[in-house]
Each structure stands twice: as C-alpha cells, then as structure tokens.
Amino acid sequence: MTTGYVFHPEYLWHDTGTSAGLLPANPTAGVQPAVHIENPEAKRRTHELIHVSGLLGELTVIEPRRATMTELLRVHTPAHVQHIRTQSDLRQGGDAGDGFSPVGHGSYDIARLAAGGLIALVNAAAQGDITNGYALTRPPGHHATADTGMGFCLFNNIAIAARHAQTTLGLTRIAIVDWDAHHGNGTQAIFYTDPTVLTISLHQANCFPPDSGWTHENGAADGAGYALNVPLPPGSGHAAYLHAMHQVVIPALDRFAPDLILLANGVDANVFDPMARQMLTATSYREMTSLLVDAADRLCHGRLIAAHEGGYSPFYTPYCALAFLEELTGTTTRVTDPYAAVVAGYTAEPLRAHQQAVIDEAAHLVPRIGKREITTAP
Ligand SMILES: [Zn+2]
C-alpha cells in the first residue's frame, strides 16, 4: 500500500487576517481585532508532526499544481471564480461571499493550488502510483457552493476533484464521505440531483450552516436517495460516530460501489475543537478511518483520497490527523496521542438513545441507493 501526501507552504500563506475568531474585526462595535479562527497554525503543526513522527518518510510526496480555469468551471459559476479572483487582487483582500470567509491578497492562486493538490492525488491514484492519499490543504472547501464561498471555503476542492475524476479519468461513480463537524452543504448542493456522486455527511445537527443537513435532505430528481445526512446531536462522540459508520456510511458505500472514495477529513468533531461540541478523539478517527480503508479495499482498489477541511484546535488537530494518516498507510509511528489518558473517559461514553434515533433514521434511507450501472459521466 502506497500513500500519497500533498502539502505546500503556500497553503499556510492564505491570509485570513485579523478577524476576532470568526467575526470580522469591528472596533467601533466593540469587536476587537484578533486572529481568525481559520489560521495556519493547526495545519502547520499537523504537517510538522507528520514530519517529526517519521511518517513523512513513509509517504509518497506529490507536488500540487494549480487547478485550471476549466477545472474550476466544472463546479463553479464563472461569476464566482471571477469574484474570488477580484477579491484576491485587492491589496487588503476581501470576502468569498458570506462575510465570514476572508480572501487574502493572492488567495485565488492558493485556493487553486489547494484544489489542484487534490487533483494531483486523484491522478496518482488513478494511475496506480498510490493506493490512497491525503491532501493537507488550505483553504478548506466543503461549504463552497457552485456560486458562492462560505464557511471559510473559497472553492469546493472535493467537488472539483470528483468532476475531474469523472471527466478525465473514467472514474464514474464517486462517493464523498464528509465527517467534518459541520455539514458538507456545498458538496451536497453541487451533486444534489446527480446519482453518479453519493454524498454522505456526518455532522453536528444545526451547527453550520444553520438549519442545514437534516436527514430529509436526501437528494432530488435523478439524484433522489444519493445525498445522505446524519445530523448527530451535540455531545455525540466515539460510540455515536462509530455506530453511524457501521449503520449508515459503510452500508451506503457497499450499495453504491464507488470507483473512488473521497473524504472531507475535517477533524473538528474532536473534543477539544472550539468550533463544534462533539467528543471524538484521535482513537475515534483511527477507527473510523480503518472502516473506510477496508471499504475502499473491498470496493475500489483501495482508492481513498482525503482533503483536509476543518480542525481548529492547534494542539489536538495534529494527533487526529496523524492517527488518520497512520491508518491510511497501515503503519504506526513512535508518536502516540499524548492526550489519550485525558480523553479516555470520552471514548467510554456510550451510545445514547437520542443519538441512535438519528442514526436509525438515516440508516432507513440507505436502501434508496441503487446499484445502478452508470457508463457515462455527466
Ligand atoms: Zn468544520
């Protein structure tokens, strides 16, 4: 098994400015300038831990390139691409669309390098150079819709990679699993009527975007049944997420039988994350990843390609990501989760009835996915 890895220093140069957490600084309204919550630190520390742990030496490092206009336009409207470009050209930068998603000066090119990094991994997997891979990219992508950026996302990296795989690599059935703590609304919206792309999102109910990602959002038209949501109650942890993987994600993947599994690897459902209220640990991510790796082996020659999404705890994100990447490679490093003793009690938290009810509701929708033969990409 060969695992690809994409990283580039420019990912850390995406400048989200002096926002106060997630709010734009506004001194006249009493909002003090500070550091934006989506800043480079968690990602920088993650890359450094991958290096220092020795895992980097086990990986096939793949150089990213910038996504082309053609690649962006398979997913996004010309107006949105132009908007990001215009905002990026401003000396002080601008916003991707919702007022909470800074576009730094030069971020257009960096966002293209993020999308292109994922494309490079998908290419390598299709060519057989790697089995699976991880793009530690920034800015994130899963909230971006066809026509706007939002939730710190400029372009939808995973959607762009999915369309690339279909259009140029002959991988026609794509499954996108999104276990970021927030709903993968942008990805869902882009593929909502498309039965060739199955989207499955596990997230904290009614967190971000508000009122988005309910189980009744199940796809439409030809895509009816091909969008799955598991809106887990706040406080859901190891047992709830593993139950959702066993009852919803894996059965859905088995029915759909994808040619490629893409993963929106947000690790912000960990217990230390400031942007959600879930209770996962590095061990949780390891066990969830193991299930996905097994499914990829069974269904699509191991092809599991992940993009980094959220993860805002600078001190715990790296251990969750390392556990994920160790599981992809099938190896372990000398670094074990130093917080394991602290979080042991969280792992022991049992599945609660109100969590199981949501998972059962989503599991009942899995049979709507048909194993149809699809021979032509859209
Ligand atoms: Zn998130």
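Predicted model: local features only at pLDDT ≥ 70, side-chain atom pairs only at ≥ 80, totals over all residues.
Local features were taken only where pLDDT is at least 70 and side-chain atom pairs only at pLDDT 80 or more, whereas totals for chains, interfaces and linings use all residues. Residues are numbered from 1 along each chain as its sequence is written, and side-chain values rest on heavy atoms, with hydrogens and water left out.

An open sheet is formed by 8 strands in the order β2-β1-β5-β10-β9-β6-β7-β8, with parallel pairing. Strands (E, at least two residues) and helices (H or I, at least four) are DSSP runs numbered from the N terminus, and two strands pair if DSSP finds at least two bridges between them.

Helix α6 (residues 157–168) lies across β6 (174–178), β7 (197–204), β9 (260–265) and β10, and runs at about 170° to β9. Helix α10 (residues 317–329) lies across β1 (3–6), β5, β9 and β10, at about 160° to β5. Axes are lines fitted to C-alpha atoms, for helices over the stretch in contact, and angles run from 0 to 180 degrees between N-to-C directions.

Helix–helix packing is illustrated by α8 (residues 238–256) and α9 (residues 282–300), whose axes come within 10 Å and cross at roughly 10°. The two helices are therefore roughly parallel, a term applied to angles under 35 degrees. Contact, defined as heavy atoms within 4.5 Å, involves residues of α8 including Y241, L242, M245 and V249, and residues of α9 including M288, L291, L292 and A295. By class, the contact of α8 with α9 comprises 11 nonpolar, 4 polar and 3 charged residues. Here Ala, Val, Leu, Ile, Met, Phe, Trp, Tyr, Cys and Pro count as nonpolar, Asp, Glu, Lys and Arg as charged, and the others, Gly among them, as polar.

The structure holds 0 disulfides, a disulfide being a pair of cysteine sulfur atoms within 2.5 Å. The sulfur of C320 is 17 Å from the closest cysteine sulfur, in C207, which is too far for a bond. C320 is buried, at 0% relative accessible area, and C300 is likewise buried, at 1%. Buried denotes under 20% relative accessible area, exposed over 50%, and partly exposed the range in between (1.4 Å probe, protein chains only).

A111, in helix α5 (residues 107–127), is buried, with a relative accessible area of 1%. Its C-alpha atom is separated by 9.4 Å from that of E10, 101 residues apart along the chain. Leaving aside neighbours within four places in sequence, A111 is in contact with P139, L154, F155 and N157.

Most residues other than glycine have a negative phi, and most peptide bonds are trans. In the loop between β5 and α6, which contains P139, a cis peptide bond joins R138 and P139, with omega about 0°. F152, found in the loop between β5 and α6, has a positive phi of about 75° and is buried, at 8% relative accessibility. In the loop between β7 and β8, which contains P209, a cis peptide bond joins F208 and P209, with omega about -15°. A221, which lies in the loop between β7 and β8, has a positive phi of about 50° and is exposed, at 63% relative accessibility.

Note on methods:
Parallel < 35°, antiparallel > 145°, perpendicular 65-115°, else oblique.
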